[in-house]
Amino acid sequence: MEAASRQLLKEQIRESLRILNDREREVLELIARGLANPRIAQQLGISTKTVGNHVSIIFGKLQVADRAEAISAFEAGRCDANLCTGCDGIRRRPHWLWQA
């Protein structure tokens, strides 16, 4: 993939992430950290059903089919070596996973 195509894809992903509301972004970050719906519900103080609803809405807005695709979109939009000072640019492990 050429550089211009990669940049366009990153911009499209960032734009998709911008359409998520604050709670949806919060749920997506917890998904990316590997939490299952019941644990997300416990951490946010909401029901598991509500988390499931958020997950469905996130998938629809990001046009992804599963958690793995949502995490990939989140990582691509969250971490750009040109904009982010918190990662190594290699993307072995996104910097936000190091945060407590």
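I started at Glu-24, which is buried at a relative accessible area of 3%. My cut-offs for relative accessible area: buried is under 20%, exposed is over 50%, and partly exposed is in between, with a 1.4 Å probe and protein chains only. This is a predicted model, so I took local features only at pLDDT of at least 70 and side-chain atom pairs only at pLDDT 80 or more, while totals for chains, interfaces and linings use all residues. Residues are numbered from 1 along each chain as its sequence is written, and side-chain values use heavy atoms, with hydrogens and water left out.

**Glu-24 and its neighbours**

I placed Glu-24 in helix α2, residues 22–32. Helices here are DSSP runs of H or I with at least four residues, strands are runs of E with at least two, and both are numbered from the N terminus. Next I listed what Glu-24 touches, leaving out residues up to four places away in sequence. The list is Ile-19, His-54, Ile-57, Ile-58 and Lys-61. I count a contact when heavy atoms are within 4.5 Å.

**α2 against α4**

I looked up the packing of α2 and α4. Their axes are 10 Å apart, at an angle of about 95 degrees. Axes are lines fitted to C-alpha atoms, for helices over the stretch in contact, and angles run from 0 to 180 degrees between N-to-C directions. The two helices are therefore roughly perpendicular. For the angle terms, I used under 35 degrees for roughly parallel, over 145 for roughly antiparallel, 65 to 115 for roughly perpendicular, and oblique for the rest. From α2, the contact takes Arg-23, Glu-24, Val-27, Leu-28 and Ile-31. From α4, it takes His-54, Val-55, Ile-57, Ile-58, Lys-61 and Leu-62. By class I noted seven nonpolar, one polar and three charged residues in the contact of α2 with α4. Ala, Val, Leu, Ile, Met, Phe, Trp, Tyr, Cys and Pro count as nonpolar; Asp, Glu, Lys and Arg count as charged; the others, Gly among them, are polar.

**α3 against α4**

I then turned to α3, residues 37–44. Its axis comes within 8 Å of that of α4, and the two cross at roughly 110 degrees. This pair is therefore also roughly perpendicular. Asn-37, Pro-38, Ile-40 and Ala-41 of α3 meet Thr-48, Val-51, Gly-52 and Val-55 of α4. The contact of α3 with α4 has five nonpolar, three polar and no charged residues.

**The two sides of α3**

Which residues of α3 are buried? I found Asn-37, Ile-40, Ala-41 and Leu-44. They lie on the same side of α3 because they cover an arc of only 100 degrees around the axis. The arc is taken from the directions from the helix axis to the C-beta atoms. Pro-38 and Gln-42 are exposed, on the face turned away from the buried side. Just after α3, Gly-45 has a positive phi of about 70 degrees.

Thr-50 lies in α4 and is partly exposed at 29%. Its C-alpha atom is 9.3 Å from that of Asn-37, 13 residues apart along the chain. Gln-63 sits in the loop between α4 (48–62) and α5 (67–78). Gln-63 is exposed at 73%. Its phi is positive, about 55 degrees, although Gln-63 is not a glycine. Most residues other than glycine have a negative phi.

**Whole chain**

I finished with the totals. The chain has five helices and zero strands. Buried residues make up 35% of its 100 residues.
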